[in-house]
Amino acid sequence: MAQNFDLVVIGAGPGGYIAAIRAAQLGMRVACVEKWRNPAGEPALGGTCLNVGCIPSKALLASSEEFENASQHLGDHGIAVSGVKLDLAKMMARKDSIVSKMTKGIEFLFRKNKITWLKGHGRFVATEDETIRIEVSDDDKDLQLVDAQQVIIATGSKARHLPGIPVDNKLVCDNEGALAMTEVPKRLGVIGAGVIGLELGSVWRRLGAEVTILEALPTLLGTADPSVQKEAARLFARQGLKIHLGAKIGEVDVGKKNVKLGWTDAKGAEQQLECDRLIVSVGRVPNTDGLNLDAIGLAADERGFVPVDEQCRTSVPRVWAIGDVVRGPMLAHKAEEEGVMVAELIAGQKPHIDYNTVPWVIYTSPEIAWVGKNEQQLKEEGRAFKTGQFPFAANGRALGINAPDGFVKVIADEQTDEVLGVHIVSAAASDMIAEAVMAMEFKASAEDIGRICHPHPSMSEAMREAALAASDKRALNM
Ligand code: FAD
Ligand code: NAD
């Protein structure tokens, strides 16, 4: 006899667990199918984000930044330290304990909201009248059948691998191995200068590795504003991250202790890279295989994504899909927003997501964040705009905390002054971008931001100054 639920969510990453919680808040009887097991073999909630993505990477970024500050930058404050030593095992244990706290936190939230966690792999069996049948299989248990009035597919994504470069997560790693190395490699190779390549490349460089990143495209951070691309390239080079653009990967020879990689540079010259560890970070692919979509008359597109409309409806009635498994940026907060939207749509509410105001953050040092349009996009759209930029080198708080690199750039409509995009390179970019998102959600003008009282001294004053510069060319401190 199948169990019956108002809603079954497949996948408990940030898209799925948030959808489940919001639906339960709205009075639905909810189950969530999740198959993840942590390295100890225990079932775990939280998906990629909590287990092998956002949370562990940010823990290691913070720890490695502390290490670099202690060993290289405390002298700037007049603090002499010696004998700074790395205890990598302890650093990893700290990261693991944060992951464990966060995933256990989701278990608590499931209990609090009376959400049934169906442990195992979910796949569609059939759709009949008003119900959709799903089977849940777990090695340790008998097959379970569940019937749902509504289903949300939130199965997320996995690392894309390259043909001829087998990932063993020891010598050749994707995100999972790159977050769990047991020693600092002397020479680290990275394929792909995207978000993971830059973040995890930064972690291991700060801990002492010589890092070489090979990127296929001719531009670094192709989706960022050109001014951000330029500043990022300058700062990464100063830190010692070697990034080769326009690189074409050739033969890869994985030995017992190291990897030899042939590649062609942007000028067509043959090159060799020998490294002790290699990270492959060339994007992610959606998890749709194994869902048996055929059984309900649904098909993934040619890249494996579940096709959905603006409101995450699939072509099958009462089946929805959210997060990394559908179009749009692969970001945890985008998945969460879609989870809330779909739960509220099922409950008959009228939620809305403005995809133009989904912020991007890259947690390098300094951080890079943006929201809305960049100059390149506006030029292509033929929209007249004006810009204002303010450097952190002229911000007292930034100097005080020894973070003078970067800037805030505000782009506003030439005629109406409406904020169209904000681009930040700064130690505080991940938090500062929230003000820009809020301003854009409320359709603020650059002058609106410029006329809001910002605390002094604070990094946020740079936002006000850039807005004033965009609005009326009247930055007060520049
Ligand atoms: P996922 O988090 O991938 O969760 C999907 C879940 O579904 C998984 O737990 C999986 O086990 C489960 N599942 C799949 N198929 C089935 C099935 N058939 N049955 C049962 N369960 C199934 N994003 C940010 O916004 N900020 C960051 O700082 C950030 N850092 C990242 C760092 C790294 C190293 C990586 C890899 C990613 C990072 N991301 C970040 C991206 C972010 O992790 C994803 O966008 C986010 O996790 C997507 O959420 P999701 O719920 O769609 O899918
Ligand atoms: P990505 O799409 O950010 O970058 C992949 C890079 O690899 C691109 O620059 C691409 O041109 C390059 N590339 C692809 N094939 C290549 C090849 N054969 N040789 C050399 N270079 C090649 O992907 P990612 O860094 O793997 O991250 C995956 C996803 O995870 C991203 O979409 C991102 O949204 C998400 N993520 C987000 C954060 C964050 O928000 N801070 C952090 C990490 C990951």
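These legends go with views of a predicted model of one protein chain.

View 1. A compact globule of 478 residues would have a radius of gyration near 23 Å, and the chain has 24 Å, so the two agree. Among contacts with a separation of 6 or more, 62% link residues 24 or more positions apart.

**View 2. The surface of the chain covers about 22,200 Å².** Carbon and sulfur atoms account for 52% of that accessible surface. Of the 478 residues, 52% count as buried. The chain carries 53 positive and 63 negative charges.

**View 3. Strand E22 spans residues 419–426.** Eight of its eight residues are buried, so the strand is largely enclosed by the rest of the structure. Here, buried means under 20% relative accessible area.

**View 4. Strand E19 pairs with E22.** E19 takes in residues 367–372. The pairing is antiparallel and has six bridges. Val371 has Val422 in E22 as its bridge partner.

**View 5. Strand E21 also joins E22, and the two form a hairpin.** E21 takes in residues 407–413 and runs antiparallel to E22, with six bridges between them. Ile411 stands opposite Gly421 of E22. Five residues lie between the two strands of the hairpin. In the turn, Asp417 has a positive phi of about 75 degrees.

Terms used
Residues are numbered from 1 along each chain as its sequence is written. Chains are lettered from A and ligands numbered from 1 in the order in which they are written. This is a predicted model: local features need pLDDT of at least 70, side-chain atom pairs count only at pLDDT 80 or more; totals for chains, interfaces and linings use all residues. Side-chain values use heavy atoms; hydrogens and water are left out. The radius of gyration is taken over C-alpha atoms; the globule rule is 2.2 Å times the number of residues to the power 0.38. Buried means under 20% relative accessible area, exposed over 50%, partly exposed in between (1.4 Å probe, protein chains only). Contact means heavy atoms within 4.5 Å. Accessible areas come from the Shrake-Rupley method with a 1.4 Å probe; for residues, only the protein chains shown count as cover. Lys and Arg count as positive and Asp and Glu as negative; His and the chain ends are not counted. The place of a charge is taken as NZ of Lys, CZ of Arg, CG of Asp or CD of Glu. Helices (H or I, at least four residues) and strands (E, at least two) are DSSP runs, numbered from the N terminus. Two strands pair if DSSP finds at least two bridges between them.
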